[in-house]
Amino acid sequence: MDPHAYCQQKAAGSGSSFYYSFLFLPEERRRAITALYAFCREVDDVVDDCSDPATARATLAWWRQELAAAFHGTPQHPVARALAEVAPRFNLAEARLAEIINGMQMDLEYNRYPSFEVLRQYCHRVAGMVGLLSAEIFGFEDPRTLEYAADLGLAFQLTNIIRDVGEDARRDRIYLPLDEIESHGVSVADISASRETESFRRLIEVPVERALGYDRDASARLPAIGRRTQRDGCRVLTRRTSLTPVRKLWIAWRTWLTA
């Protein structure tokens with residue numbers, strides 16, 4: 001399969017909100033961001049889909065080799081081949097892409113995060129780096145855009161963590177820092193059992209405020225950015241907040257019209 005066609009298929013199959021926004025980009029930028037997104041999906045799927053940690057580690061090691069080949073040799077995987085084509089055009093740094101893999105590696109080393117300091121490193125690797133690489137693809141003139149992109153990546157990842165608290169707990173993964181869980185009088189067992197206690201509601205406000213803080217910090221580094229805050233009472237233990245594909249496409253289309 002053509003490398004870019006493979007990346008397109010990988011992005012479309014994910015059902016992510018990001019895919020719909022890609023549709024309105026100029027072709028060169030669309031191919032680059034789709035290749036980046038497909039790379040992120042591939043290495044993320046390694047952790048999500050491999051039940052054997054040893055197999056997952058070996059597969060991530062193989063992806064490190066493919067990434068190196070994309071910059072210094074002849075890659076085999078269609079995603080790596082697509083990256084090899086777009087990286088020089090859009091200044092996609094090998095080190096930043098490698099940091100994404102390092103973030104996925106953390107998911108093999110931790111299913112509990114002892115503190116926000118450790119969690120922040122994870123978020124920066126798996127999302128902040130994506131923000132920085134995306135900024136290169138979209139283009140920018142003000143260097144503050146990179147600070148914006150990194151902070152916005154952290155805000156997005158923290159939002160994902162909040163959204164998926166219940167779902168992750170059922171997979172024996174807790175991304176809320178353990179020291180904060182303990183200080184709020186909540187146990188991991190409470191979260192795994194989806195017990196929405198008053199203590200849990202106070203606990204979940206911590207990452208909510210943290211995500212909003214990163215979002216505010218990001219916005220402060222650029223001219224005014226219109227956005228609408230949407231909150232659902234943080235009912236994240238028993239259900240997953242999401243939009244339908246039609247709603248996602250409508251938002252992307254409306255954004256394109258007003259850009």
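Me: Which handedness does the crossing of H3 and H5 have?

Reply: Start with the rule. A crossing is left-handed if the near helix is turned anticlockwise from the far one by less than a right angle, and right-handed if clockwise. Here H3 passes H5 in a left-handed crossing. This is a predicted model, in which local features need pLDDT of at least 70, side-chain atom pairs count only at pLDDT 80 or more, and totals for chains, interfaces and linings use all residues. Residues are numbered from 1 along each chain as its sequence is written, and side-chain values use heavy atoms, with hydrogens and water left out.

Me: At what angle do the axes of H3 and H5 cross?

Reply: Helices (H or I, at least four residues) are DSSP runs, numbered from the N terminus. Axes are lines fitted to C-alpha atoms, for helices over the stretch in contact, and angles run from 0 to 180 degrees between N-to-C directions. H3 spans residues 27-49 and H5 spans residues 78-90. Their axes cross at roughly 130 degrees and come within 9 Å. That makes H3 oblique to H5. The classes are: under 35 degrees roughly parallel, over 145 roughly antiparallel, 65 to 115 roughly perpendicular, and the rest oblique.

Me: Which residues of H3 and H5 meet?

Reply: Contact means heavy atoms within 4.5 Å. On the H3 side, the residues include Arg 31, Ala 35, Ala 38 and Phe 39. On the H5 side, they include Ala 82, Glu 85, Val 86 and Phe 90. The residues of this contact divide into ten nonpolar, no polar and six charged. Ala, Val, Leu, Ile, Met, Phe, Trp, Tyr, Cys and Pro count as nonpolar, Asp, Glu, Lys and Arg as charged, and the others, Gly among them, as polar.

Me: How are H4 and H6 oriented to each other?

Reply: H4 (residues 53-72) and H6 (residues 94-109) pack at an angle of about 180 degrees, their axes 11 Å apart. They are therefore roughly antiparallel. Trp 63 and Phe 71 are among the H4 residues there, and Ile 101 and Met 104 among those of H6. The contact of H4 with H6 has eleven nonpolar, three polar and three charged residues.

Me: Is His 4 buried or exposed?

Reply: Read the relative accessible area: buried means under 20%, exposed over 50%, partly exposed in between (1.4 Å probe, protein chains only). His 4 has 8%, so it is buried. His 4 sits in helix H1 (residues 3-14). Leaving aside neighbours within four places in sequence, His 4 is in contact with Arg 31, Ala 82, Glu 85 and Val 86. The His 4 side chain also makes a polar contact with the side chain of Arg 31, at 3.3 Å. A polar contact is a pair of N or O atoms within 3.5 Å; within protein, one must be able to donate a hydrogen and the other to accept it, and residues adjacent in sequence count only if both atoms are side-chain atoms.

Me: What is the phi of Asp 172?

Reply: Most residues other than glycine have a negative phi. Asp 172 has a positive phi of about 60 degrees although it is not a glycine. Asp 172 is in the loop between helix H9 (165-170) and helix H10 (178-183). With 39% relative accessible area, Asp 172 is partly exposed.

Me: Where does Ser 194 lie?

Reply: Ser 194 is in the loop between helix H11 (188-192) and helix H12 (198-220). Its phi is positive, near 60 degrees, in a residue other than glycine.

Note on methods: Helices (H or I, at least four residues) and strands (E, at least two) are DSSP runs, numbered from the N terminus.
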